[in-house]
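Reader: Could you walk me through this one while I have it open on the screen? I'd like to begin with the charged pairs and then move on to the helices.

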Amino acid sequence: MADISRIDDSLTLSAAYQKASELCASSPSAGKGQVQEALDLLQHCEQLIQHAALFSSNEDHDDLATSHLKYLLVPSMKAELLQNQPAPGPRERLQQLQAAASLYTQFLQRCHQYGILGGSCKDTYLAQEQEKPQDPGKARTHKVERFKRSKQLATLLP
């Protein structure tokens, strides 16, 4: 997917994240090369985060350094770039969307783990995490409940 061999190994996590953020902010108007560079930088950030062990499954939000909070966004940023990237065919598009969905799930799992996922987002996440009901009636009921929640959220937004 990403060719991080083009990324300077001496690039710090902070510098790589800053540059990737700038590229992501301009991604709607960015060319394919800039999007690929942003993906490469985010991949580099993921490796540095993993190497530095910034996030641990046995921590909660009190253990997180404020300066590290922004790095929680790396999977989400990567997923957004992937889902908006054009694909040459339907098979490649499906692979991109599956990879983006996996990254979004990783982001939500980490937010839930640290207890920073709240409100209806938390309810929706937990509902999605539960096993899908096999009974079509239950599936429809869950779908209607999700629709009602989304409609209720839409009325709350200005």
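Reader: Which residue forms a salt bridge with Lys19, and how far apart are the closest N and O atoms?

Author: In this predicted model, the partner of Lys19 is Glu37, and the closest N and O atoms of the salt bridge are 3.2 Å apart. Since Glu37 belongs to helix H2 and Lys19 to helix H1, the pair ties together parts that lie 18 residues apart in sequence.

Reader: How many salt bridges does the structure hold?

Author: There are two. Besides the Glu37 pair, Glu46 forms a salt bridge with Lys78, with the closest N and O atoms 2.9 Å apart. Here Glu46 sits in helix H2 and Lys78 in helix H3, so this pair ties together parts 32 residues apart in sequence.

Reader: What about burial for Glu46 and Lys78?

Author: Glu46 is buried, with a relative accessible area of 19%, which falls under the 20% cut-off, and Lys78 is buried as well, at 3%.

Reader: Switching to H1, which of its residues are buried?

Author: In H1 the buried residues are Leu13, Ala16, Tyr17, Ala20, Leu23 and Cys24. Viewed down the helix axis, they fall within an arc of 125 degrees, so they line one face of H1.

Reader: What do those buried residues pack against?

Author: They pack against helix H2, residues 32-52, and helix H3, residues 74-84.

Key. Residues numbered from 1 in each chain as written. Predicted model: local features only at pLDDT ≥ 70, side-chain atom pairs only at ≥ 80, totals over all residues. Heavy atoms only, no water. Buried < 20%, exposed > 50% of the residue type's maximum accessible area, 1.4 Å probe, protein only. Helix = DSSP H or I, 4+ residues; strand = E, 2+ residues; numbered from the N terminus. Arc of directions from axis to C-beta. Contact = heavy atoms within 4.5 Å. Salt bridge = Lys/Arg side-chain N within 4 Å of Asp/Glu carboxyl O.
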